Amino acid sequence: MRFAICSLNHRVAPLINHTKEIIVVSKVQKKDISIKEIEMASCNALEILKVLKDNKVKTLICGGIKEEYSQLLEKNNIKIIENVIGDIGDVIKMYLHKNIHSNNTKRVRIAK
Amino acid sequence: MHSILIKVDRYRYKMDDVFLYLELLNNITMGIFAVNLDMEIVFFNSEAEKITGFTKDEAMGQRCYEIFRTELCYKNCYLKKAIKEKKKFTHVRNTILNKNNKEIPVDITVSPLYDIKGKIRGGFESFIDNSLYVQLEKELYKNYSFEDVIAKDEKMVNLMHTLLRISQTDIPVIITGETGVGKDVFASAIHNRSNRHDKPFIKVNCAALPVSLIESELFGYKKGAFTDAKTDKLGRFQEANGGTILLDEISDLPIELQAKLLQVLDEKEFYPLGSKKPIKVDVRIISTTNKNLKDLIKNRLFREDLYYRLNGIEFEIPPLRERRSDIPLLIEHFLDIFSKTYNKTVQRVDSNVLKALLNHDFPGNVRELKHIIEFGVAVSDNNEITYESLPIDFRKKTESKNNIKDSYIKASNSYEKEQILNILESNDWDIGKTAQILNIHRTTLWRKMKKYGLFNTHVA
Ligand SMILES: Nc1ncnc2c1ncn2[C@@H]1O[C@H](COP(=O)(O)OP(=O)(O)OP(=O)(O)O)[C@@H](O)[C@H]1O
Ligand SMILES: [Mg+2]
């Protein structure tokens with residue numbers, strides 16, 4: 001399992017276009033979790049997409065996401081989990097424990 | 001809850017009064033919220049729920065910038081400023097990103113919040129949805145930004161991406177497409193996204209001007225150039241200096257003037273009528289036409305050399321009937337606009353209307369759809385447009401078409417395939433919804449999808 005989070009000051013960036021770091025989380029086995037922090041000099045949609053592609057990430061957790069970003073990412077088969085609010089550590093824990101659900105729709109909306 | 005009390009007076013409140021105030025704030029048609037000194041939301045009224053899309057439960061306790069998500073939150077938060085400077089700021093314009101990730105322009109007023117003892121406890125913000133005002137303002141100045149091009153069809157999204165790339169450059173653009181497809185909207189979007197956006201955007205309709213006037217309109221004249229020329233007149237090219245000029249219906253530009261335009265393009269200068277001194281200009285040219293310029297070239301009605309100079313990049317906006325997945329989105333957009341214009345709350349079209357619209361061929365493209373929705377909103381008296389409230393000539397057209405539609409569909413498998421695909425795509429591949437729109441059973445839809453090999457390839 002691998003996913004990424006758009007982060008700003010150790011919390012999910014409220015607006016994706018203000019992402020400072022992209023946190024890539026990979027879980028190989030039960031306890032074997034690696035976390036990579038990628039600093040973003042600027043974060044237009046193409047740059048975010050490039051980082052996700054380079055790191056083979058297919059799921060992105062973010063806060064608010066403007067249309068021009070979601071369109072590009074979805075077109076490239078990135079699953080977006082949007083409107084997430086919170087501390088990066090908590091969000092990672094929650095996602096790993098499947099407390100952030102994705103139903104069948106491509107986009108999942110949750111808050112908190 | 002005590003921290004949210006407003007300093008109405010310095011006397012103690014009875015508990016009943018507190019509830020009265022809260023009830024009052026809750027029912028006011030203005031978004032209101034309050035934060036403590038950590039910028040955590042401690043009050044959030046019903047209108048705030050409506051405008052942001054977040055419920056009170058979701059918002060309470062969160063930091064306000066994680067709910068409102070505005071660009072100002074990062075640069076210059078007025079609420080923070082109000083608290084720090086103990087000052088009130090009124091009518092600040094801002095844009096929030098609501099829970100559906102749609103940008104909503106708002107007009108905000110902020111003030112510090114004191115407790116009964118006069119100690120500062122946080123801040124207080126009231127805000128109203130300013131979409132109507134901003135929309136009207138835009139209509140007034142006829143300025144469309146890139147975001148105003150509403151589309152989700154893949155062909156259109158690709159166009160938008162191209163547009164985004166080329167808008168920063170100065171290359172001349174030709175936009176073609178049938179009437180009403182949105183050539184003007186795209187042209188404004190290119191200008192608004194360019195580095196010239198704060199310079200003039202001048203539109204000249206080459207078809208609307210009599211041939212005898214076009215030259216002076218475009219290039220201006222010197223006093224005395226002809227009998228009526230009592231003073232100098234600036235041409236549109238000069239007015240557009242530094243900005244962008246839109247030559248609408250370029251195909252109607254008389255052949256004699258095409259040579260002069262070519263000169264402007266080649267030398268970035270021209271001579272106003274009756275002038276011996278050339279004028280230098282720096283303009284970006286966007287031309288639009290709904291005719292086929294190559295045909296005109298063949299018939300020697302349009303200069304080939306000019307065509308190649310105007311054509312840094314040419315793109316065609318597809319007719320609406322070839323991108324039906326945009327129809328529901330545009331309907332929603334126009335419902336929004338006209339509900340506000342007519343002060344109504346029309347939120348949807350009923351399924352018969354949707355079906356009729358999805359099947360219509362729209363010779364007048366988006367403009368035609370816009371007029372239909374405007375009419376529907378204007379005459380409807382509840383929150384839904386019914387078939388009966390559509391313009392009569394549109395109803396006549398669809399009814400006569402419906403009689404032959406069945407046989408038409410059978411005759412044309414590719415039409416049916418395209419139609420199903422469009423509706424599926426515009427409904428996120430929701431089989432139930434699509435079957436409902438097509439008015440067929442789910443299993444029939446499955447069978448047809450299998451027959452045409454339609455599968456959703458976008459889901460991981
Ligand atoms: N993609 C779109 N999103 C939102 N509104 C649109 C879109 N396309 C067109 N419109 C609306 O439809 C109307 C017609 O668009 P526009 O004037 O740009 O068409 P045009 O191609 O220039 O037509 P013509 O050839 O007749 O000049 C306008 O009111 C515009 O606001
Ligand atoms: Mg036009």
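Student: Is B:Arg323 buried or exposed?
Tutor: In this predicted model, B:Arg323 counts as buried, because its relative accessibility is 1% and the cut-off for buried is under 20%.

Student: Where in chain B is B:Arg323 found?
Tutor: B:Arg323 sits in the loop that runs between β14 (313-316) and α15 (326-341) of chain B.

Student: And which residues is B:Arg323 in contact with, leaving aside its neighbours within four places in sequence?
Tutor: With those neighbours set aside, B:Arg323 is in contact with B:Asp153, B:Met156, B:Val181, B:Ile317, B:Pro318 and B:Val366. As for B:Gln419, its C-alpha lies 9.6 Å from that of B:Arg323, although the two are 96 residues apart in sequence.

Student: Let's step back, how many helices and strands has chain B?
Tutor: Chain B has 21 helices and 16 strands, and 48% of its 460 residues are buried. Among the contacts in chain B between residues at least 6 apart in sequence, 64% join residues that are at least 24 apart.

Student: What about chain A, how do its elements run from the N terminus on?
Tutor: The order in chain A is β-β-β-β-α-β-α-β-α-β, which comes to three helices and seven strands. Of the 112 residues of chain A, 54% count as buried.

Student: Which residues are buried in helix α2 of chain A?
Tutor: In α2, which covers residues 67-75 of chain A, the buried ones are A:Tyr69, A:Ser70, A:Leu72, A:Leu73 and A:Glu74. Just after α2(A) comes A:Asn77, which takes a positive phi of about 60 degrees.

Student: How many residues does the contact take from chain A and from chain B?
Tutor: Chain A gives 26 residues to the contact and chain B gives 29 residues. Between them the two chains bury about 2,400 Å², with 50% of that area on carbon and sulfur atoms.

Student: How many salt bridges are there across that interface of chain A and chain B?
Tutor: The rule finds three salt bridges across the interface. One salt bridge joins B:Glu103 to A:Lys66, whose closest N and O atoms are 3.6 Å apart.

Student: And how many salt bridges over all chains?
Tutor: Over all chains the structure holds 28 salt bridges. Inside chain B, for instance, the side chains of B:Lys99 and B:Glu58 meet in one, at 2.9 Å from N to O. B:Lys99 lies in the loop between β3 and β4 and B:Glu58 in helix α3 (residues 56-59) of chain B, so this pair ties together parts that are 41 residues apart in sequence.

Student: Is B:Glu58 buried or exposed?
Tutor: B:Glu58 is buried, with a relative accessible area of 17%, and B:Lys99 also counts as buried, at 15% relative accessibility.

Student: New topic, what is lining the largest cavity?
Tutor: The largest cavity, with about 170 Å³ of space, is lined by 17 residues, and those nearest its centre are B:Thr70, B:Cys73, B:Asn94, B:Ile108 and B:Glu125. The lining divides into 13 nonpolar residues, three polar and one charged.

Student: Which element gives the most to that lining?
Tutor: That is α4(B), which gives three residues. Elements of chain B that each supply at least two residues of the lining include α4 (64-68), α5 (72-75), β3 (89-97) and β4 (103-114).

Key:
Residues numbered from 1 in each chain as written. Chains lettered and ligands numbered in written order. Predicted model: local features only at pLDDT ≥ 70, side-chain atom pairs only at ≥ 80, totals over all residues. Heavy atoms only, no water. 1 Å grid on protein atoms, 1.4 Å probe; cavity = no way out; pocket = protein on both sides within 12 Å on 5 of 7 lines; lining within 4 Å. Points joined across faces, edges and corners; volume = space filled by probe spheres on them. Helix = DSSP H or I, 4+ residues; strand = E, 2+ residues; numbered from the N terminus. Nonpolar A, V, L, I, M, F, W, Y, C, P; charged D, E, K, R; others polar. Buried < 20%, exposed > 50% of the residue type's maximum accessible area, 1.4 Å probe, protein only. Contact = heavy atoms within 4.5 Å. Buried area = accessible area lost by both parts, 1.4 Å probe. Salt bridge = Lys/Arg side-chain N within 4 Å of Asp/Glu carboxyl O.
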